[in-house]
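Here is a friendly walk through one protein model, written for someone who likes to see the cut-offs. Have the viewer open as you read.

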Amino acid sequence: MDTSRTRRSWAEPYKIKMVERLRMTTPEERRRAIDEAGYNTFLLHSDMVYVDLLTDSGTSAMSDYQWAGMMMGDEAYSGSANFYHLEANVQRYYGYPYVVPTHQGRGAEHLISQILISDGDTVPGNMYFTTTRLHQELAGAQFVDVIVDEAHDPTSLLPFKGNVDLEKLRAVIARVGADRVPYVCVAATVNMAGGQPISLENMKAVYELCLPLGIKVILDATRAVENAYFIQQREVGQSGRSVAEILFEMCSYSDGATMSGKKDLLVNIGGFLAMRDEDVYAEARSLVVVYEGMHTYGGLAGRDMEAMARGIEEAVQDDHIKARVGQVEYLGNLLIDDGVPIVRPIGGHAIYLDATQFLPHLTQDMFPAQTLAAELYVEGGIRAMERGIVSAGRDPVTGNHRYPKLELVRLTIPRRVYTQAHLDVVAEVVADLYDRRDSIKGLEMTFEPKYLRFFQSRFRPLP
Ligand code: F0G
């Protein structure tokens, strides 16, 4: 026997205990369904979807340990034991002393924006995220993107495309004055750049720049565990450390964090706002009662908080996160092998198809990414999400479309849900679509809601 072979795949550190049946649909059924949904994948009924890669948010499979925790829900109105478990795990793994639960990430974004922002302030950040920026704007701030230029280039192979450009950050602070910058919003990983990580070194440099100026750093910790894994894999001197150790150090370079537990933390609902400053905590405790619920439940049932507390423990296990990111890389590498244009390097939670390269015959006004997402559904029952001109919305001052440099379709992988065979099918469908890309026509918008238009806008095919 040949014992010299040491190749090992990313295989899962779990096995399947329960399954959920999927409906297989015909192309005719799917054509009708996407037409009824206004060519917006958000508006499809989920029972018409085969492989649902719309989002990794709230779509992960919980473990038996988490489900057992659901039975331990302490549904007292205040002082639930599950809150104290959650608080203890946030303190232990993220290092913030104060925690307020929220129903999901945007609940925490709302609170911190209302607490820290005054009208006319500026919030710099490493690329916008839709809900985060909207809450900053609703609180009276202007968001300014200070991510490195490479983040806007889908072909750049920089290992940390989520990094803050320190020169851009300094320039913004010099222009508006440090007293008009309440905080810098640092995301790890950067969703809209393709799930790209920020380095530990860069996070430290941002914090050290802000500290003497009295500017806070608020971390969007939604996918910080995935970011920690990339630091372990890519950053010099970090390979010998555990993901949990790296995560803890990442958080030490911030004053607080907003968290959507629906991603890293493997729950279907839940989030929190965490912070170091006692005064900010006092305000958060008072404000959370208005919008979410008491500060010991924040819009969550006791059982939800228990599942999230347990999810924190599972998320930081090195074997879990290796398989999680490994599965995403598996799909990305299949597409690269087929010559399909995707954002490189492969990100932590999703593969992003580069719709500009995929459909070069469509202008951005013809919504190439929206078109590609709709076609992907018709071709194989695969649901993806537009991350381009529709998601970018309109400029609040001019009312014109924002024209983002990146026009992407996101294939987002839920955690612990799909098998390698599912991903093989996804790659085959995308490759078939790529082969017939010249036949794909664009869309025009027929309905546009006021806020976060990508969720509900409607389209029709161009003739
Ligand atoms: N921050 C990031 C980086 C996110 O990706 C999300 C949600 C949020 C904050 C808001 O959290 O949904 O719990 O209120 N992203 C989802 C997605 C919607 O599909 O990427 P939420």
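## A charged patch

Which residues form a negative surface patch? The patch is made up of Asp-337, Asp-338, Glu-428, Asp-432 and Asp-435. Patch members have over 30% relative accessible area and no salt bridge, with like charges joined within 9 Å. Asp and Glu count as negative, Lys and Arg as positive, while His and the chain ends are not counted; each charge is placed at NZ of Lys, CZ of Arg, CG of Asp or CD of Glu.

Helix α16 (residues 420-435) supplies the largest share of the patch, three residues. Glu-428 lies in this helix and is partly exposed, at 49% relative accessibility. Areas come from the Shrake-Rupley method with a 1.4 Å probe, and for residues only the protein chains shown count as cover. Buried means under 20% relative accessible area, exposed over 50%, and partly exposed in between.

## How to read the model

This is a predicted model, in which local features need pLDDT of at least 70 and side-chain atom pairs count only at pLDDT 80 or more, while totals for chains, interfaces and linings use all residues. Residues are numbered from 1 along each chain as its sequence is written, and side-chain values use heavy atoms, leaving out hydrogens and water.

## Overall build

The protein chain has 16 helices and 14 strands, taken as DSSP runs numbered from the N terminus (helices: H or I, at least four residues; strands: E, at least two). Its radius of gyration is 22 Å, close to the 23 Å that the globule rule gives for 463 residues, so the chain is as compact as a globular protein of that length. That radius is taken over C-alpha atoms, and the rule is 2.2 Å times the number of residues to the power 0.38.

Along the principal axes, the C-alpha atoms fill a box of roughly 60 × 60 × 50 Å. Buried residues account for 58% of the 463 residues.

## Salt bridges

How many salt bridges does the structure hold? There are 25, each with a side-chain nitrogen of Lys or Arg within 4 Å of a carboxyl oxygen of Asp or Glu. One of them pairs Glu-28 with Arg-31 at 3.8 Å, N to O. These two residues sit three apart in helix α1 (residues 27-36), so about one helical turn separates them. Glu-28 is partly exposed at 47%, and Arg-31 is partly exposed at 46%.

Other pairs reach across the sequence. Lys-216 and Asp-277 meet at 3.4 Å, N to O; Lys-216 is in strand β6 and Asp-277 in the loop between β8 and α10, 61 residues apart. In the pair Arg-394 and Glu-448, the closest N and O atoms are 2.8 Å apart. Both of these residues lie in loops, so their bridge ties together parts that are 54 residues apart in sequence. There is also a network of salt bridges linking Asp-56, Arg-223, Glu-226, Arg-324 and Arg-415.

## Backbone details

Two cis peptide bonds deserve a look. Ala-188 and Thr-189 are joined by one with omega of about -10 degrees, and Thr-189 is in the loop between β5 and α7. The bond from Arg-344 to Pro-345 is also cis, with omega near -15 degrees.

Where does Leu-266 lie? Leu-266 is in the loop between β7 and β8, has a positive phi near 65 degrees and is buried, at 0% relative accessible area. Leu-452 has a positive phi of about 40 degrees, but is partly exposed at 22%.

Notes:
Patches are made of residues with over 30% relative accessible area and no salt bridge: like charges are joined within 9 Å, nonpolar side chains (Val, Leu, Ile, Met, Phe, Trp, Tyr) within 5 Å. Buried means under 20% relative accessible area, exposed over 50%, partly exposed in between (1.4 Å probe, protein chains only).
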